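Good morning, colleagues. I would like to walk you through one structure today, so please take a moment to look at the sequence and the model on the screen.

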Amino acid sequence: MKLNTRILPDIASLSRAVLEETLAIIQEAVAKRGRFAIALSGGHTPEKMFSLWAETAQYRDKTPWDRIHLFWSDERYVPENDPLSNYHMARETLISHVPIPAENVHPVPTNLSPPEACARAYEADLLKFFGAEPPAFDVQLLGIGPEGHTASLFPGSAALDEKLRWVAAVRVPAEPSQRVTFTPVVLNRGRNTFFLVAGENKRDILSAIREESATETSQYPAIRIHPAKTPVWFLDAAAAG
């Protein structure tokens, strides 16, 4: 299977490339629709991008923060202040350092119980913001795990075959095991999809993906995301091999 890749020397270069692409899309989205909606991901790779966005004047000052809306493609079912929370990471590296209005930040409501109630509430938030059609994010940031998972869609997850729900509560073979994730109903609608992949530990999964036939239903959830616009895989040299 051939991936649409961009290979950068290191994670800093990768983060800068994704950020510059994102800023260009922000200008276009705001001009066309008056707002820009992004689905953030967790993990160490986007953390560098978030820090660059907050700390680098040329990026921070070019961003119309009052038009930016932040959502999360998945979240660990932990309190918002938990270090494992994807929202917590984004808050510490980005949100608390930029003048984005509080109402433009849309975290997953992990204070609700059980996780299924949390998923329903987040879907209601999306419905209020986007309307009746499944959301089409201007940019969605995704990663890939060593077994091929993306967002919190792991191999064998029933949520991979979801056709109606936008958000699902899932149990995964990782810690913490309870999570809330966008389903392919949402992820297959993204206007621009960027996979951020860094580190030598990602070489094996990328090799396995490249060896697959493009016609088969992949065992790797990341490859089962098929938005109309082909995803771009931003790789650092260590991941690319």
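Let me begin with a proline: Pro 114 is placed in the loop between H4 and helix H5, which covers residues 115–130. Please bear in mind throughout that this is a predicted model. The peptide bond joining Ser 113 to Pro 114 is cis, with omega at about 0°. A cis peptide bond also joins Glu 175 and Pro 176, and there omega is about -10°. Pro 176 sits in the loop between strand E6 (167–171) and strand E7 (178–182).

One further backbone feature deserves a remark. Ala 151, in the loop between E5 and E6, has a phi near 50°, which is a positive value in a residue other than glycine.

I turn now to the sheets. As a reminder, strands of a sheet pair through backbone hydrogen bonds, either parallel or antiparallel.

E4, E7 and E6 make up an open sheet of three strands, in the order E4-E7-E6, with antiparallel pairing. Which strands stand at the edges of this sheet? They are E4 and E6; each has a single partner strand, so one side of each is left without a neighbour in the sheet. From one strand to the next, the twist averages 20°. Between E6 and E7, the antiparallel pairing runs over five bridges, and Val 167 has Phe 182 in E7 as its bridge partner. Helix H5 packs on this sheet, where it touches E6 and E7, and the direction of H5 makes about 155° with that of E6.

The other sheet I wish to show is also open, with six strands in the order E1-E9-E8-E5-E2-E3 and parallel pairing. Its edges are strand E1 (5–8) and strand E3 (68–72); each of these has a single partner strand, so one side of each lacks a neighbour in the sheet. The twist here averages 20° from one strand to the next. Within this sheet, strand E2, residues 36–40, pairs with strand E5, residues 139–142, in the parallel sense over two bridges. Ala 39 stands opposite Gln 140 in E5.

Helix H2, residues 44–55, touches E2, E5 and strand E8 (193–197), and its direction makes about 110° with that of E8. Helix H7, residues 203–211, touches E1, E8 and strand E9 (232–236), with its direction at about 140° to that of E9.

Next, the largest pocket, which holds about 620 Å³ of space. It is lined by 29 residues, and those closest to its centre are Gly 42, Gly 43, His 44, Arg 76 and His 149. Two or more lining residues come from each of H2, strand E4 (74–76) and helix H4 (86–93). Which element gives the most to this lining? The answer is H2, with four residues.

Finally, the salt bridges, of which the structure holds nine. One of them joins Glu 28 and Lys 32, with the closest N and O atoms 3.1 Å apart. Glu 28 and Lys 32 are separated by about one helical turn, because they lie four residues apart in helix H1, residues 11–33.

Thank you for your attention.

Definitions and conventions:
Residues are numbered from 1 along each chain as its sequence is written. This is a predicted model: local features need pLDDT of at least 70, side-chain atom pairs count only at pLDDT 80 or more; totals for chains, interfaces and linings use all residues. Side-chain values use heavy atoms; hydrogens and water are left out. Two strands pair if DSSP finds at least two bridges between them. Axes are lines fitted to C-alpha atoms, for helices over the stretch in contact, and angles run from 0 to 180 degrees between N-to-C directions. Contact means heavy atoms within 4.5 Å. On a 1 Å grid over the protein atoms alone, a cavity is a set of points where a 1.4 Å probe fits but cannot get out, and a pocket is an open set with protein on both sides within 12 Å along at least five of seven lines; lining residues have an atom within 4 Å of a point. Grid points are joined across faces, edges and corners, and a volume is the space filled by probe spheres set on the points. A salt bridge is a side-chain nitrogen of Lys or Arg within 4 Å of a carboxyl oxygen of Asp or Glu.
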